[in-house]
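This report goes from the whole chain down to single residues. Keep the sequence and the model side by side while reading.

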Amino acid sequence: ISDRKWDVFFIGFNNTFNVEGLDWFLEKVYPLLKKDLKILLVGSATNNLKIKYENVDILPFVPDLDEIYENVKVVICPMFQGTGMKVKVVEAMSRGLPVVCNERGVDGLPDKTMCGCSVTQDAKEFAGYINELTSNEEIYKNVSKVICQYYSHVFDRRNYISLLKKLLT
């Protein structure tokens with residue numbers, strides 16, 4: 001994980017829920033993070049940012065996210081509102097990337113407690129999860145392993161094909 005370009009990654013379109021979550025992260029969590037962390041913010045949710053933050057790169061649009069995901073350590077999903085499964089969380093999980101999120105980040109997942117995501121509404125705890133995941137490789141690997149196993153179990157197409165075949169025969 002030490003060869004990744006960014007430590008923390010946020011992605012979101014310019015909608016009320018993403019903007020609210022990003023603002024909370026920057027106002028409440030960012031000041032509690034280790035100062036040497038490199039953060040990447042992607043998407044139009046960044047359009048209204050008025051302040052330049054140290055060690056924060058902003059890309060309003062990225063045509064290919066694969067290269068980004070290969071270069072990040074931890075994905076964040078700070079959201080307090082909204083419903084349904086968050087695609088950004090599932091995308092991170094599909095790559096075995098640890099996810100730090102609020103309770104809305106695990107909406108739609110069949111088992112919110114066993115998914116491997118670090119979930120909290122508290123800014124200090126949110127920052128603590130990020131600081132720990134980016135500095136402790138053993139914890140990082142363990143969380144990544146849990147996320148990979150969960151993703152494989154819940155989202156593996158082969159499982160669904162097998163179930164469909166049983167239902168249709």
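Buried residues make up 46% of the 169 residues in the protein chain. Buried means under 20% relative accessible area, exposed means over 50%, and partly exposed lies in between (1.4 Å probe, protein chains only). The model is predicted, so local features need pLDDT of at least 70 and side-chain atom pairs count only at pLDDT 80 or more, while totals for chains, interfaces and linings use all residues. Residues are numbered from 1 along each chain as its sequence is written, and side-chain values use heavy atoms, with hydrogens and water left out.

**Overall build**

The protein chain has six helices and six strands. Their order from the N terminus is β-α-β-β-α-β-α-β-β-α-α-α. Helices (H or I, at least four residues) and strands (E, at least two) are DSSP runs, numbered from the N terminus.

Along the principal axes, the C-alpha atoms fill a box of roughly 60 × 35 × 30 Å.

Contact means heavy atoms within 4.5 Å. Of the contacts with a separation of 6 or more, 65% join residues 24 or more positions apart.

**Surface and charge**

The accessible surface comes to about 9,500 Å², and carbon and sulfur atoms account for 53% of that surface. Areas come from the Shrake-Rupley method with a 1.4 Å probe; for residues, only the protein chains shown count as cover.

There are 21 positive and 22 negative side chains, and the centres of the two sets lie 4 Å apart. Lys and Arg count as positive, Asp and Glu as negative; His and the chain ends are not counted. Each charge is placed at NZ of Lys, CZ of Arg, CG of Asp or CD of Glu.

**The core**

In soluble globular proteins, nonpolar side chains tend to be buried together. Here, the largest nonpolar core has 54 residues. Such a core is a set of buried Ala, Val, Leu, Ile, Met, Phe, Trp, Tyr and Cys residues joined through side-chain atoms within 4.5 Å. Phe9, Phe25, Val29 and Ile130 have the most contacts inside the core. Leaving out residues up to four places away in sequence, Phe25 touches Val8, Tyr30, Leu33, Ile39, Ile76, Pro78, Phe126 and Ile130.

**Residues in strands and helices**

Leu41 is found in strand S2 (residues 39-42). Leu41 is buried, with a relative accessible area of 0%. Beyond four places in sequence, its contacts include Phe10, Leu22, Leu26, Leu49 and Ile58.

Ser118 belongs to strand S6 (residues 118-119). At 12% relative accessibility, Ser118 counts as buried. Not counting residues up to four places away, Ser118 touches Val99, Val100, Cys101, Tyr129 and Leu133.

Lys145 is in helix H5 (residues 137-155). Lys145 is exposed, with a relative accessible area of 52%.

**Residues in loops**

Asn55 lies in the loop between S2 and strand S3 (56-59). Asn55 is partly exposed, at 33% relative accessible area. Most residues other than glycine have a negative phi. Asn55 is not a glycine, yet has a positive phi of about 65 degrees.

Lys38 sits in the loop between helix H1 (16-29) and S2. Lys38 is partly exposed, with a relative accessible area of 39%. Not counting residues up to four places away, Lys38 touches Lys5, Trp6, Asp7, Val8 and Asn55.

Asp64 is found in the loop between S3 and helix H2 (65-70). Asp64 counts as partly exposed, at 43% relative accessibility.

**C-alpha separations**

| Pair | Apart in sequence | C-alpha to C-alpha |
|---|---|---|
| Leu41 and Ile58 | 17 residues | 4.8 Å |
| Lys38 and Asp7 | 31 residues | 5.2 Å |
| Lys145 and Gly116 | 29 residues | 8.4 Å |
| Asp64 and Ser2 | 62 residues | 22 Å |
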